[in-house]
Number of protein chains: 2
Amino acid sequence: MREPLKVVIDTNIFINPDAYRYFGATSEQAFNNFLDMLERTKSLACFIPPSVYEELSKFFEGGLPSKKTVLIDKKPPSSYQNSIPALLFYEFIEEMRLRINKGLRIAEKYARKGLKREESEEALIKSLREEHRVGMREGIIDSKEDFDLILLAKELNGHLATADNGLIKWAQKLGIPALSAQELKELLERVV
Amino acid sequence: MREPLKVVIDTNIFINPDAYRYFGATSEQAFNNFLDMLERTKSLACFIPPSVYEELSKFFEGGLPSKKTVLIDKKPPSSYQNSIPALLFYEFIEEMRLRINKGLRIAEKYARKGLKREESEEALIKSLREEHRVGMREGIIDSKEDFDLILLAKELNGHLATADNGLIKWAQKLGIPALSAQELKELLERVV
């Protein structure tokens, strides 16, 4: 018998509508269907870092809507033992440097917009926040949870199931294969 | 005979007035005096990453003011082989997350300042840039050159001579001892 394929799972698989629709009409349904499929298969082992599991629990009001969550292995990455290639750190520093410059350009733009007084303070701050979020956050590892996912997938020699293109980009630099929600579903169906 | 102490040297030792004053009245004099002292000692080996050496060369108009620069070993860190602890990356991500939030707060402040129209555009943008630089850049590794210094010191099991507190903070996380310009001078004098 083949070893089960190890898959580390990101919350967005159940939160992002473009992702969860492969499993169900709502986040809740999708999560339950996913666990049902996982229960039937012997060829896929599913993991989640505790930090990401907590994120997922918070998303569902009243806690996770299933008694089968034990099917997902809550494994933290071994952060005290793991190391990453120095080259990845170089790339990350360069990426941050570019983003910081971009942040300054956005700030300058909105200071000038302010001077023109064409918008209310509320509207100005709202659009600033939106532009800042998109410009600074998208496509980058910007949380402990993101890095936990990558580190755990690396450690397990597993695949990473996520709908986050930024995360996929960084995972690929470490040789981690990514799975979309659709691919994840196909895998689960093949092995049912 | 003891092995010579390996010291990786940052440009700011010769560029920052608070640092170079231990070696001379000007950057140029300081650099020359430093090399003269280095020539006389057998107990200290000096290294610089090529990227940082280039930075230093650019600082001196007309090139480096000495024919003794061969005394400094221009060694790049082995970026393709080196790795860094995953924990350091976590700390860096957290630091960047805090900085990005700080950047947004600064941007909001200046958008609101703009709305008040108390300053000229020129004055507003100037103070925004200054506040952004201090808030976003200080105390962080924000360039390839900074990381080259840390990585080389780590690889050589050496000391890092720098006047940059941000760099010292990150070097210490990797167990790299830092030397101030004053300490560097004292070391060179002891072994002359």
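Reader: Where is Met37(A) placed?

Author: In a predicted model such as this one, start with the element that holds the residue. Met37(A) sits in helix α3 of chain A, which spans residues 27–40.

Reader: Is Met37(A) buried or exposed?

Author: Read the relative accessible area against the cut-off. Buried means under 20%. Met37(A) comes out at 10%, so Met37(A) is buried.

Reader: Which residues does Met37(A) touch, beyond those up to four places away in sequence?

Author: Four are listed by name: Phe23(A), Lys185(A), Leu188(A) and Glu189(A).

Reader: How many helices and strands does chain A have?

Author: The secondary structure of chain A comes to 9 helices and 6 strands. The C-alpha atoms fill a box of roughly 65 × 40 × 25 Å along the principal axes. Of the 192 residues in chain A, 48% are buried. The accessible surface comes to about 9700 Å², and carbon and sulfur atoms hold 47% of that.

Reader: How many positive and negative side chains does chain A carry?

Author: Read the counts first, then the centres. Chain A has 29 positive and 30 negative side chains. The centres of the two sets lie 2 Å apart.

Reader: Which residues does Asp148(A) contact, leaving aside neighbours within four places in sequence?

Author: Check the chain letters here. Asp148(A) is in contact with Pro49(A), Ser51(A) and Pro77(A), and also with Tyr90(B). Asp148(A) belongs to helix α7 of chain A, residues 144–156. With a relative accessible area of 4%, Asp148(A) is buried.

Reader: Which residues are in contact with Pro85(B), again leaving aside neighbours within four places in sequence?

Author: The list again carries both chain letters. Pro85(B) is in contact with Asn82(A) and Ser83(A), and with Leu174(B). Pro85(B) lies in strand β4 of chain B, residues 83–85. Its relative accessible area is 36%, which counts as partly exposed. For a distance within the chain, take Thr26(B), 59 residues away in sequence: the C-alpha atoms are 39 Å apart.

Reader: What does Ser57(B) touch, not counting residues up to four places away in sequence?

Author: Ser57(B) touches Gly63(B) and Leu64(B). Ser57(B) is part of helix α4 of chain B, residues 50–59. At 23% relative accessibility, Ser57(B) is partly exposed. Now a longer step along the chain. Thr11(B) is 46 residues from Ser57(B), and their C-alpha atoms are separated by 9.4 Å.

Reader: Which value of phi does Arg117(A) have?

Author: Begin with the background. Most residues other than glycine have a negative phi. Phi of Arg117(A) is near 50°, a positive value. Arg117(A) is in the loop between α5 (86–116) and α6 (121–137) of chain A. At 48% relative accessibility, Arg117(A) is partly exposed.

Reader: And what is phi of Asn157(A)?

Author: Near 60°, a positive value in a residue other than glycine. Asn157(A) lies in the loop between α7 and β5 of chain A. Exposed means over 50%. Asn157(A) has a relative accessible area of 71%, so Asn157(A) is exposed.

Reader: Which elements of chain A have the lowest and the highest mean pLDDT?

Author: Read confidence by chain, then by element. Chain A averages a pLDDT of 91, and 98% of the residues score at least 70. Among the elements, strand β4 (residues 83–85) has the lowest mean, 90. Strand β5 (residues 159–161) has the highest, 98.

Reader: What ipTM and pTM does the model score?

Author: These two scores belong to the model rather than to single residues. The ipTM is 0.82 and the pTM is 0.83.

Terms used:
Residues are numbered from 1 along each chain as its sequence is written. Chains are lettered from A and ligands numbered from 1 in the order in which they are written. This is a predicted model: local features need pLDDT of at least 70, side-chain atom pairs count only at pLDDT 80 or more; totals for chains, interfaces and linings use all residues. Side-chain values use heavy atoms; hydrogens and water are left out. Helices (H or I, at least four residues) and strands (E, at least two) are DSSP runs, numbered from the N terminus. Buried means under 20% relative accessible area, exposed over 50%, partly exposed in between (1.4 Å probe, protein chains only). Accessible areas come from the Shrake-Rupley method with a 1.4 Å probe; for residues, only the protein chains shown count as cover. Lys and Arg count as positive and Asp and Glu as negative; His and the chain ends are not counted. The place of a charge is taken as NZ of Lys, CZ of Arg, CG of Asp or CD of Glu. pLDDT is the predictor's confidence in each residue, from 0 to 100. Contact means heavy atoms within 4.5 Å.
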